[in-house]
Amino acid sequence: MMPLSKLFSHEYFFRVPDYQRPFQWDEDHFVELIDDLLIAKRSEPYFLGTLVLHSNSTVGIDDASETFDVVDGQQRITSLCILLACARDIGQEQGDNELAGEMHQKIIQPAKRLEGIEKRNRLQVKEQSSLNSITGEIGGSKFPIKNSINDSPSSQRFEIARRIFREKMEPLSPTELDQFAMFLIQQCNVITLITDSFENAFRLFTIVNDRGKQLRRIDVLKAHNLNPEVVPNDEAREKYANQWDDMEVKLGEEEFEELFHLLRLIYVKEKPQNDVFTEFQNRIFGKPDRPERGANFIDTLQSYVNLYDSLFKDKTFLDEGESAHCQFQTLMAAMVRYFGASEWQACILYFAHKYGNERAYDFLLRIERTYIDHWVRGVRKDERYRTYTTILKHIQQTRNPDELLDKIGQVETKAIEDACRSSNLYDSGYAKYLLVRAEISVTELDKPRDFEARSIEHVMPQNPKKDSQWLKWFNDEQHEALVNTAGNLVLLSKSKNSAAGNKEFDEKKSKYLSPKVSSYPRSMQVLKHDIWTPETVEERTNGFVIQVLDDLI
């Protein structure tokens, strides 16, 4: 256990290395930290968490002290620096210059010529100018960070921390603030784990985080790929660190992390045996036909990030002039929006990586059919993995898309047809996608379209009024058999008045179909009907089956 009095002394300086994520704490974290500290007993030790530090001799600035890379604990130590700066400045504003001066020396090390110590920041971060605007000079926390340097998410979080810490501490009297400051420096402790081995530092990182909050394995992957032993040149390491950050920004945190799971599947072509970090370490890096750690992997990752973006986000993989451009983008948008599992994307990525856009739409249709077949049959994850890993192996083994499509063969459509004819399609998890698929089939696509359906609506209501026209067209048995079938269902593209659900047919059409609450062709076909009968519903269900299966056969 190390008190802050020692942690924030001339013996220790800290650096957030390039491989670390940007500062991530938000308002809830800052409030929880300061609230817990303010109510803690002043006479008892207080545990602030764990720091995992890498003793990296190449980072040191002078011989009298050492700079440690912060492997784990970036959020906490950065927040503590801002907290100390706020306590420092409030003390000065209350007239306690002694407290302000002592606190300032904890954050900014003053020069000590005789000891060979230079003036420097206790903590080095990527957004140093933003942090320094708060911590660098006494009085820095009194005003918000200037807009000119508050242009990054991390800088904005620094500002949130500054605001919250000051709001919580400003009501303290000079005596209370003095007692709080002494409590911070003397009683608040961290467990500090230090190793001079990069690998050991991250082994500690994994152990510490596995006992607490969930660790993002891709952060550890990033660190291992930017290990000075792997990328020894400082400029190259900074370049690749920035490239990695740019890739994450391009895809967003969740999808960037998802890409690693897809890449694991592409390379290993088997069900996962461990977490994604361990899989890359043990089964991918350095293996035959697989990337090496460092520059080779990061450059390979960049190519897949670009592919992922063009396929699943921007959906611009096929250029406008190419055959099936509109159909490809429209179908891809629907699959991304409505397919819950993501293993299928690994097949699309690998195909695009190897074969480019040649027969890409045909392959997409084959993958769609496979996914729908699994979906309607309720196939378990293990079987899904077997199917997709087999397809990935076919991609690896074949020489061209024609050979690949022949190798995959056709998918049986009987289960899909049975699902389309289900007497209770409405309550199935795949109803919306199949209805969207039918809409795509009957739409003349002169440009790509995103079918973002708001809801599924019954034409004949589920609970018609006793004296309504609906019950003259349908007896009880027919109503029960047909009300939740595809022929009685339409998609709405805009919000509707829920009270319209039980209206008579003519009124229902005029209330929310005529005013374009639905802009989907198949759904709008309801308007041409003057009456709504069992024969109408059955005919529409038969047409629905053909529409869904049209491209799938």
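**Close-up 1. Contacts between helices H11 and H15.** In this predicted model, Leu259, Leu262, Leu265 and Ile266 of H11 meet Glu343, Gln345, Ala346, Leu349 and Tyr350 of H15. Contact means heavy atoms within 4.5 Å. By class, seven of these residues are nonpolar, one is polar and one is charged. Here Ala, Val, Leu, Ile, Met, Phe, Trp, Tyr, Cys and Pro count as nonpolar, Asp, Glu, Lys and Arg as charged, and the others, Gly among them, as polar.

**Close-up 2. How H11 and H15 cross.** H11 spans residues 253–268 and H15 spans residues 343–355. Helices are DSSP runs of H or I, at least four residues, and strands are runs of E, at least two, numbered from the N terminus. The two axes come within 9 Å and cross at roughly 70°. Axes are lines fitted to C-alpha atoms, over the stretch in contact, and angles run from 0 to 180 degrees between N-to-C directions. H11 is therefore roughly perpendicular to H15 (65 to 115 degrees).

Close-up 3. Phe363 touches Cys347, Ile348, Phe351, Ile391, Ile395, Leu404, Leu405 and Ile408, not counting residues up to four places away in sequence.

**Close-up 4. Glu118 in a loop.** Glu118 lies between strand S5 (108–109) and strand S6 (120–121). Glu118 is partly exposed, with a relative accessible area of 43% (partly exposed is between buried, under 20%, and exposed, over 50%; 1.4 Å probe, protein chains only). The C-alpha atoms of Glu118 and Tyr433 are separated by 65 Å.

**Notes.** Residues are numbered from 1 along each chain as its sequence is written. In this predicted model, local features need pLDDT of at least 70, side-chain atom pairs count only at pLDDT 80 or more, totals for chains, interfaces and linings use all residues, and side-chain values use heavy atoms, with hydrogens and water left out.

How values were computed:
Angles under 35 degrees count as roughly parallel, over 145 as roughly antiparallel, 65 to 115 as roughly perpendicular and the rest as oblique.
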